[in-house]
Amino acid sequence: MFQSANIPQTVSKELLQKRLPELREELLEVQHKLRENKAFATIILLAGVDGAGKGAAISRLYEWMDARYLFCNAYHEERSESERARPASWRYWRDLPARGETSIVFGSWYQTPLRDAVMGKIDDAELERQLSAINRFEKMLANEHVLLLKFWFTLPKHDQEERLHSIEEKGKKGRHFLEEWSGAEHYRAAQNVGEKASLQTSTGYAPWFVIPSQDPDVRDLALAETIAQSMRKKLESGNREPISAPAVVTTLSQANAVDAIDLTATISKEDYKQELEELQDKMAYLTDRKRFRKFGFISVFQGNDAAGKGGSIRRLTRSMDPRNYKVHPIAAPSVEEKLHPYLWRFWRRLPKKGHSAIFDRSWYERVLVERIEGFCSEGDWMRAYNEINAFEKELTDAGFILCKFWLAISEEEQLRRFKAREETAYKNYKITEEDWRNRLKWNEYSVAAGDMVDRTSTRYAPWTLISSEDKRHARIQVLRTTVNALEKAMKKKEQ
């Protein structure tokens with residue numbers, strides 16, 4: 001969930017000076033328009049790691065908006081005597097904004113379950129129960145005309161440690177708001193729990209927005225841009241449409257995990273030949289073992305058009321027993337498939353234990369092609385992230401080994417490969433008018449792919465991002481990742 005947010009992002013002084021006056025005008029315009037028509041209330045909820053600058057970002061937001069109509073509520077772990085005498089959620093109900101108002105919330109209803117999960121006071125089952133209750137609460141808010149925007153501020157661990165050290169050393173304002181559970185000592189646990197919570201509670205009606213916080217200007221502008229865009233969209237839709245929630249929202253920087261792939265990686269022909277033979281031998285051995293019958297293996301291939309998915313699949317399956325695997329090329333759904341829930345056609349293609357299924361494109365087309373080409377509604381592809389995560393969790397819980405690959409090439413390399421396909425008779429079938437049309441939307445697909453990776457790369461089903469500029473490098477990386485996943489699963493089963 002947080003992959004793109006940890007990619008360093010900056011904004012130039014020139015762009016900052018140009019964008020800031022426009023942004024301030026937009027914020028004031030939507031704020032005052034909301035005050036006039038009272039179509040909905042807005043809640044801006046802040047969470048994330050300590051030291052990420054949530055307080056500083058809000059201070060800046062107060063400078064850019066009309067502070068007379070902003071209300072800030074901060075909730076501490078320790079409840080007051082009055083609050084303890086009532087149900088735990090009473091204090092949140094007490095402070096809900098009226099339509100036309102905008103409220104900023106520190107702490108919030110997420111604080112207690114996240115803290116207790118990080119500190120080991122509750123188990124996964126109890127965390128999921130509490131998050132489900134939060135989903136019901138937030139759904140109610142959406143039905144009652146509340147625009148809920150949830151922001152998770154994140155930092156790489158070394159940046160957080162430096163920030164916290166500076167706060168402690170200089171006694172900076174706001175140090176009393178630091179929380180033990182989200183500090184450097186519990187960084188990994190807080191990230192894991194935060195990811196789990198955000199994946200389960202990011203919905204079309206209450207999305208999470210991940211804010212990269214290394215650069216204060218990028219952080220504050222991303223926050224302000226998202227608020228302005230979301231409020232404007234809801235105002236213009238007549239308070240009907242859900243809010244689209246890209247993983248990292250800022251018009252000032254489009255960096256994401258897919259954009260950050262190093263496309264320069266290569267491998268020599270000699271090393272390729274040697275490693276290919278070794279890895280294929282291991283694949284044959286691992287998939288023929290008696291122990292493999294306790295698992296099912298699923299491999300998912302996505303990527304840019306002409307990135308070499310087919311070639312990588314052929315090298316992966318070359319040493320596997322054809323009786324025990326099937327490759328599924330996924331195209332547009334049939335008439336029958338359209339009459340069923342979206343994931344139905346993939347459930348039907350799942351292998352049994354001891355067998356393998358390789359998907360050349362997959363269920364991720366809903367958040368890629370269908371999203372960009374308008375083949376489904378925004379609500380459909382927005383909810384697909386959580387549906388896919390739940391689907392993959394069920395697969396891995398049932399003993400399936402799941403490997404997901406994104407193969408990436410540059411726009412220039414894609415053009416070269418397209419032309420080569422047109423000029424080679426036996427490759428003509430690989431290039432279609434649709435491929436050329438999709439190429440015109442390169443940037444849109446890049447953003448969608450980045451959102452996809454951030455919202456569906458989980459601990460139980462992570463994405464492996466591979467440069468396919470050199471096809472040999474991509475094929476070796478696919479084989480190596482698969483072999484490692486199989487070995488790890490079998491070794492764990494033996495223990």
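Predicted model: local features only at pLDDT ≥ 70, side-chain atom pairs only at ≥ 80, totals over all residues.
Local features need pLDDT of at least 70 and side-chain atom pairs count only at pLDDT 80 or more, while totals for chains, interfaces and linings use all residues. Residues are numbered from 1 along each chain as its sequence is written, and side-chain values use heavy atoms, with hydrogens and water left out.

Q: At roughly what angle do the axes of α15 and α18 cross?
A: Helices (H or I, at least four residues) and strands (E, at least two) are DSSP runs numbered from the N terminus. Axes are lines fitted to C-alpha atoms, for helices over the stretch in contact, and angles run from 0 to 180 degrees between N-to-C directions. Helix α15 covers residues 378-397 and helix α18 covers residues 442-456; their axes come within 10 Å and cross at roughly 45 degrees.

Q: Which word describes how α15 and α18 lie to each other?
A: Angles under 35 degrees count as roughly parallel, over 145 as roughly antiparallel, 65 to 115 as roughly perpendicular and the rest as oblique. The crossing of α15 and α18 is at roughly 45 degrees. The two helices are therefore oblique.

Q: Which residues of α18 make the contact with α15?
A: Contact means heavy atoms within 4.5 Å. From α15 the contact is made by Tyr385, Ile388, Asn389 and Glu392, and from α18 by Asp451, Met452, Arg455 and Thr456.

Q: Which residue of β4 is the bridge partner of Leu45?
A: Strand β1 (residues 41-48) pairs with strand β4 (residues 146-154) in the parallel sense, over eight bridges. In β4, the partner of Leu45 is Lys150.

Q: How many residues of β9 are buried?
A: Buried means under 20% relative accessible area, exposed over 50%, and partly exposed in between (1.4 Å probe, protein chains only). Phe400, Leu402, Lys404, Trp406 and Ala408 point one way from β9, while Ile401, Cys403, Phe405 and Leu407 point the other way, and all are buried. Strand β9 (residues 400-408) is largely enclosed by the rest of the structure, because the buried count is nine of the nine.

Q: Is Gln111 buried or exposed?
A: Gln111 is found in helix α5 (residues 111-118). Its relative accessible area is 5%, so Gln111 is buried.

Q: Which residues does Trp344 contact, leaving aside neighbours within four places in sequence?
A: Trp344 is found in helix α13 (residues 344-347). Trp344 is partly exposed, with a relative accessible area of 22%. Its contacts, with those neighbours left aside, are Glu336 and Glu337.

Notes:
Pairing = 2+ DSSP bridges.
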